[in-house]
Amino acid sequence: MKALKIIFSIALIGLIFGGCAYNFIVEEDIIDPGDPDAPEVSFSAEIVPIFSSKCTACHYTGNQMPDLTPDNAYNSLNSSRYINTSSPEQSLIYTKPSPTGNHMKYSEAEAAKVLTWITQGAQNN
């Protein structure tokens, strides 16, 4: 009986400690939009995924403008008033969803990425 209690105790301790896990939170790298040496931000690889995860629930074809679906985002943004390359920080695609804006919010890293993309000329790359 004593051996059974010892085996049961060891198994219970093993289950308790074996079930513990720690998931490390990896901080997002925040690009400095004013850095002339910042790596080039790709519209298709970096900006479109932000729109897909944060914006396309409302901004899709036939609904709220601009249409930010992957196939239409670039043309929709460039055929309207949403990008201001002469004053990137005043671009509506940056200010409306910025961390201090009043729409679905970008994270700080996403906002910096969008601003950097606009600062770099808002290319369709």
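User: Happy to start with a cysteine: is Cys-55 buried or exposed, and at what relative accessible area?
Analyst: Good place to begin. Buried means under 20% relative accessible area, exposed over 50% and partly exposed in between, using a 1.4 Å probe and protein chains only. By that scale Cys-55 is buried, with a relative accessible area of 8%.

User: What kind of model is this, and how are residues numbered?
Analyst: This is a predicted model, where local features need pLDDT of at least 70, side-chain atom pairs count only at pLDDT 80 or more, and totals for chains, interfaces and linings use all residues. Side-chain values use heavy atoms, with hydrogens and water left out, and residues are numbered along each chain as its sequence is written, from 1.

User: How many disulfides does the whole structure have?
Analyst: A disulfide here is a pair of cysteine sulfur atoms within 2.5 Å. For Cys-55, the nearest cysteine sulfur is that of Cys-58, 9.0 Å away. Cys-58 is in no disulfide either, and a search of the whole structure gives a total of 0.

User: Which residues have the most contacts inside the largest nonpolar core?
Analyst: A nonpolar core is a set of buried Ala, Val, Leu, Ile, Met, Phe, Trp, Tyr and Cys residues joined through side-chain atoms within 4.5 Å. The largest one has 24 residues. Helices H2 (43–54), H3 (73–78), H4 (92–95) and H5 (108–119) each supply at least two residues of this core; helices are DSSP runs of H or I, at least four residues long, numbered from the N terminus. Those with the most contacts inside the core are Phe-43, Ile-47, Phe-51, Leu-77, Ile-93, Val-114 and Trp-117.

User: What does Lys-113 contact, leaving aside neighbours within four places in sequence?
Analyst: Lys-113 sits in helix H5 and, at 24% relative accessibility, counts as partly exposed. Its C-alpha atom is separated by 8.4 Å from that of Asp-32, 81 residues apart along the chain. With contact meaning heavy atoms within 4.5 Å, the partners of Lys-113 are Ile-31, Val-41, Glu-46, Ile-47 and Ile-50.
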